[in-house]
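Let's take a walk through this structure together, with the view open beside you.

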Amino acid sequence: MTVSEQHQHHPGANLDQARAWLATLHAGAPGLLNVCATGAWVGEYFATDEPGINAAVAYINRLDQQGKQGIYMRVTTLRNVPAPGSRGHASDSLSWPGFWADIDLAGPGHKTKHQLPPDIDTARQIVTAAGLPEPTMWIHSGGGLYPWWLLDQPHTITADDLDDIATLTARWQHAVKAGSEQLGYHYGSGVGDLARVLRIPGTINRKEGLARPCVVLEASGVTYQLDELAALLYTIDLPDPTPAARQQPPTRPLPTTHTPSQVGPFDALAEACAWADLFEPQGLSYVGSERDGAELWRRDGASSLYSVRAWPHVCVNHSENLDLPVGAGNKLTHGKVFAWWHHRGDHQAAARDLRAAAAGNPDATPAARNLPPAVLDHIRQRCGVRPWQPPPTPPSADDAPWPTTPTDEPTTTAIPASPNTADDDIRRALANADEPDILRGLYPDRNHIDGHTWTVPGDHEGDQQHTVLPPFPVHTLPGDTGKFAEAVAIYMQVPVDLPAFAILGALATLAGGHATIRGKWRENALNLFLAAIADSGEGKSPAVGAVTEPIRQLERVLRAEWKNRYGEMADHHEIAVKTRDKLIAKIADTAGPKRNNLLADLDSIKQEIADTTPPPRPQLLAGDVTPEVLGKIMNRTGGHIAIISAEGGFLGNLTGRYSKGQPNLELVLTAFDSSEPYRLERITREPFEVDRPSLTLSLAVQPVVIDDAVNSAAVADRGLLNRFLIARPDSLAGRRDKNPPDVPRHLEEAWHSTVHRVFRAVLPDGRPFDDDGNQLDPIPMQISETAEDLHLAWRQQMETRVDPDSGDLAPIKGWAKKLEGLVYRLAALLHLAAGRAAEEPVGDLVMLDALTIADWAIPHALAVLGSRGGDGARRGPADEAAEHVLQWIRRKGVPEFTVDEARAGLRGRSWVKQHGATGVRAALVGLARQGWVASVERRGADGRRLSEGSFVPHPQLLGRVL
């Protein structure tokens, strides 16, 4: 039966065959499978378990009913759901099932002028001519053949072997191409990309208005080992690739209007600049475009197919050798690329440089001056940049001109200045403006704002920080752990910081005091103090609970094992203890020979107590305890314990809730670094000692809890919060999806496995004691030399940042100093979470992830601790109101607004209910004086100026760069 004849029996998609193919390629594999279609190239993402595959088939059915020309699946699974609008790229690949080819057949749907194989039998000969083995399957796409060589086990791609796998797939396609050319036929390019999509068997190829099914023609069932195919591939003598004619990169037509508006140099650059204008001077070559319109650029000497993928407004760098941030988590605009290459990432310096070049200032860098003249002209006109004029030569005393009589003719400037805005920096002009002028409108209109410099608040001494804080870099959590954090965040509709922090706390709970990490110095434990700040109603409890459930389950398992092994011994021990207590009471009331007999019995029962004393009952987590009780738990369990909670009760206990306001910090501070034993000796309490105290704190708390801790003089003086990693994520309230997808089962199982694996990595027998009841020594872990080099370079940079005169981290230098050691701990925990042995040195890639988390934590710590200026000053209601206004602007993307519009948008806030428009005006005046909003005049229909102006947010609040 021919393919056309088969279609007569398949008017629509064969969903059973589609399901079988999805299962054949990816069932149970790690990662997410991606299904897409013509006109819907991003598609949707699905788990690889049975429910996920069923959902993917239902999506295929919807696409088929829409009459899509083609329905496709990515050949590899993805590590994570890509950013919105992206289908993911090769470096996002996780599970690779084997090699493939895409051999076009002559006929409808192929407009190439090259010769193509006329039929299936001829196309099969290409594989033979290429020297490749018999494929596992032959699939007819409706317009060509897909031979597949499946591996016996799908290969999980790591960062270490990504380039190797990409090279193998490229060489495989080179072999197929050589076989095609040997027979005189054309073979397409770009087929071997790990992000390639191919038609799904069972779907319909509707190209050229026809309807031809994609079907499995033949399945031999034979599979191959990767080493076997790789060895075979390198025995094939391949010709050198024929140099292709250099492709010309796309150009970008200039916008038709040059009217100044509210854009900065980066926005104007993005409007007019082609990627070639930035990439070609840096030695990158254009190598083609993808189906979704992405330009592919490759650096000189690169072995991969491409180094950068670029869409019209953003690009993603995949090369470690380009001095640009790497990976899909770093979307780079034209302005950011320019800033990284020519100003070490300093956006403000880059924006000033672009303005200077647009003005014709010879002091601009060569990189800016060498941009195409049309681009510079566009920046000049869009941003209202005044042409540069050389400074006049100061006249000598002898040449000083005589004063002239003033004329009555007005002097015109390119952009007239308001009497209150003589300062060219909007931020400084606002800082010096009077309140009535701010409320009426300091600038005539928005065009006048565009004509002035508007520096970013917070970059100058005295500015209050109201920064847009970055989300937790979830890609630093290894493998499925990061995907689990994202899935929990999506399902619970919480910021990803909450489950990510709970995961770090869980890892520190498991390893804690049972391991050390050594590099330039030694960290005595892997415990962490973590505090994620979120208001009530933000979903803290369910997010934390979803992460901690496997730990509680592990604790239950350990206790069940303990009961089976030591339960009877514990019963005898309890009986012996009670017997001893009764004997002591009798001895106190007895004399003479009877007393001597009782003393002998006491000696005997003491020996029985010693013989029947079981190891401590396992305990991984403590609840809402006081510091005194916490010490007893540590003493009982071997020194390490954790508190993971969505409440801040324990911090309240520390600051003196149950001790008449007197903080009790000694144990907690000692248990942070396990540097010395903790001894409790009180007249009214039984003394005890903990040799190696180690405490993990992972708390999700309301802002008031942190404020109370900071405003306790004793807590601030002892530096408790300097030991915490702090997250202050933005609220998702008002933007939540009320029907989010469930957490995929395979991710839950992967997290359960990680919990057990990390625990056994440091406690192989599951117990912190040996058979004699002695506490085991912690397992020593080591930082590799390359990882230590990275850490050293980062420490040197940090040292300059805590300089008391010029460092941006000077207000939190105590916290910054503790961060150096926390990076060691983070690196060790990530190393264990990735499944690596504790005995294996912690490598440089893991260290990079730990440093990424540290760099992420810095702005959060500055926002929470640094805004207090180091003096513990509590934020007042006005600060809270200003923060609410900024959050509203960011969430809603408000480009301009009035007092009444802000009041309506924030009407649910308690301070708005209490103070109304007056409170909103006070908040806006405060934000204006900090430089976060500027005011412009408003006029009525008759042209007369209104009594109140409107407000324009700083571009950074709207995600734009000046």
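What follows looks at a pair of helices and then at a sheet. Please keep in mind that the model is predicted.

We can begin with the helices. Two packed helices are described by the angle between their axes and the distance between the axes. Here, helix H7, residues 265-272, packs against helix H12, residues 373-382, at an angle of about 135°, and the two axes lie 9 Å apart. Because angles over 145 degrees would count as roughly antiparallel and those from 65 to 115 as roughly perpendicular, H7 is oblique to H12. The crossing of H7 past H12 is right-handed.

Which residues make the contact? From H7 come Pro265, Ala268, Leu269, Glu271 and Ala272, while H12 brings Val375, His378, Ile379 and Arg382. Sorted by class, the contact of H7 with H12 has six nonpolar residues, one polar and two charged.

Now let's turn to the sheet. Strands of a sheet pair through backbone hydrogen bonds, either parallel or antiparallel. In this model, four strands form an open sheet, ordered S12-S13-S14-S15, with antiparallel pairing. Strand S12 (284-289) and strand S15 (315-317) stand at the edges, and each has a single partner strand, so one side of each is left without a neighbour in the sheet. From one strand to the next, the twist averages 20°.

To finish, zoom in on one pair of strands. S14, residues 308-310, is joined to S15 by three bridges, and the two run antiparallel. Here you can find arginine 309 opposite valine 316 in S15.

Terms used
Residues are numbered from 1 along each chain as its sequence is written. This is a predicted model: local features need pLDDT of at least 70, side-chain atom pairs count only at pLDDT 80 or more; totals for chains, interfaces and linings use all residues. Side-chain values use heavy atoms; hydrogens and water are left out. Axes are lines fitted to C-alpha atoms, for helices over the stretch in contact, and angles run from 0 to 180 degrees between N-to-C directions. Angles under 35 degrees count as roughly parallel, over 145 as roughly antiparallel, 65 to 115 as roughly perpendicular and the rest as oblique. A crossing is left-handed if the near helix is turned anticlockwise from the far one by less than a right angle, and right-handed if clockwise. Contact means heavy atoms within 4.5 Å. Ala, Val, Leu, Ile, Met, Phe, Trp, Tyr, Cys and Pro count as nonpolar, Asp, Glu, Lys and Arg as charged, and the others, Gly among them, as polar. Two strands pair if DSSP finds at least two bridges between them.
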